[in-house]
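Reader: Please take me through one part of this model closely. Keep it brisk, and give each cut-off as you go.

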Amino acid sequence: GAGVSQSPSNKVTEKGKDVELRCDPISGHTALYWYRQSLGQGLEFLIYFQGNSAPDKSGLPSDRFSAERTGGSVSTLTIQRTQQEDSAVYLCASSLAGTSGDEQFFGPGTRLTVL
Amino acid sequence: GENVEQHPSTLSVQEGDSAVIKCTYSDSASNYFPWYKQELGKRPQLIIDIRSNVGEKKDQRIAVTLNKTAKHFSLHITETQPEDSAVYFCAARAGGFKTIFGAGTRLFVKA
């Protein structure tokens, strides 16, 4: 079946503009995660959604970042008033959830460049 | 807050030798420890994981060990091959779904 998809694959924007990044998880996966990966760095946790529970937003770096998940499926990560330090690859992952030991399947990422 | 430290940041080995990557975690509630491999320009993929109720798990040339008392876990790759060259990430997850990743180890296997 189809894996996790993300769009756009690349996004170039000007400092101060808002951007929206989209994630389509694997069908049936109830958990969805967003990570940020700066060049040559590790994966920085941003936020996760699990079913109808309140999302864990503890990794969002500032109030310019927000995310929502509509209908328990597609998720959108929004960055307002982008800054150059926001430039990174934004990765989305999904998992079946239900236990704390399940595999996360990653999307291809969105490469964001803020000029 | 939660933290996962990973060492070394870069590792170079000869083909056929073993490679060991070590991680420590800070949250004593962590109970699930996955390892992901990320090849250049590709997405991370799970290669092996271990839960807190076991001390060791092996899958062919890959093994992971866990010391809960010391809050250490390690990845062991034996008989390394050039296709093992990639960045490897350890991670730790507590009872919820928040997963904290290490900074990654870039492994080079020289033919």
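Author: B:Lys58 is in contact (heavy atoms within 4.5 Å) with B:Ile48 and B:Ala63, leaving aside its neighbours within four places in sequence. B:Lys58 and B:Ile48 are 10 residues apart in sequence, and their C-alpha atoms are 8.3 Å apart. This is a predicted model: local features need pLDDT of at least 70, side-chain atom pairs count only at pLDDT 80 or more, and totals for chains, interfaces and linings use all residues. Residues are numbered from 1 along each chain as its sequence is written, chains are lettered from A and ligands numbered from 1 in the order in which they are written, and side-chain values use heavy atoms, with hydrogens and water left out.

B:Lys58 sits in strand S6 (residues 56–59) of chain B. Strands (E, at least two residues) are DSSP runs, numbered from the N terminus. B:Lys58 counts as exposed because its relative accessibility is 65%. The scale: buried is under 20% relative accessible area, exposed over 50%, partly exposed in between (1.4 Å probe, protein chains only).

Now B:Gln6, in strand S1 (residues 4–7) of chain B. At 8% relative accessibility, B:Gln6 is buried. Its side chain reaches the backbone oxygen of B:Tyr88 at 2.6 Å. The side chain of B:Gln6 also reaches the backbone nitrogen of B:Cys90, at 3.3 Å. Beyond four places in sequence, the contacts of B:Gln6 include B:Ile21, B:Trp35, B:Phe89 and B:Gly102.

B:Trp35 leads on to the largest nonpolar core, where B:Trp35 is among the residues with the most contacts. Such a core is a set of buried Ala, Val, Leu, Ile, Met, Phe, Trp, Tyr and Cys residues joined through side-chain atoms within 4.5 Å. This one has 41 residues. Strand S9 (residues 86–93) of chain B gives the most to this core: seven residues. B:Phe101 is another of those with the most contacts inside it. Among the residues that B:Phe101 touches are A:Tyr35, A:Phe106, B:Phe89 and B:Cys90.

Charged pairs come next. Nine salt bridges are found over all chains, each a side-chain nitrogen of Lys or Arg within 4 Å of a carboxyl oxygen of Asp or Glu. A:Asp102 pairs with B:Arg93, with the closest N and O atoms 3.0 Å apart. A:Asp102 lies in a loop of chain A and B:Arg93 in strand S9 of chain B, so the pair joins two chains. Both A:Asp102 and B:Arg93 are buried.

Notes:
Helix = DSSP H or I, 4+ residues; strand = E, 2+ residues; numbered from the N terminus. Polar contact = N/O pair within 3.5 Å; in protein donor to acceptor, adjacent residues only side chain to side chain.
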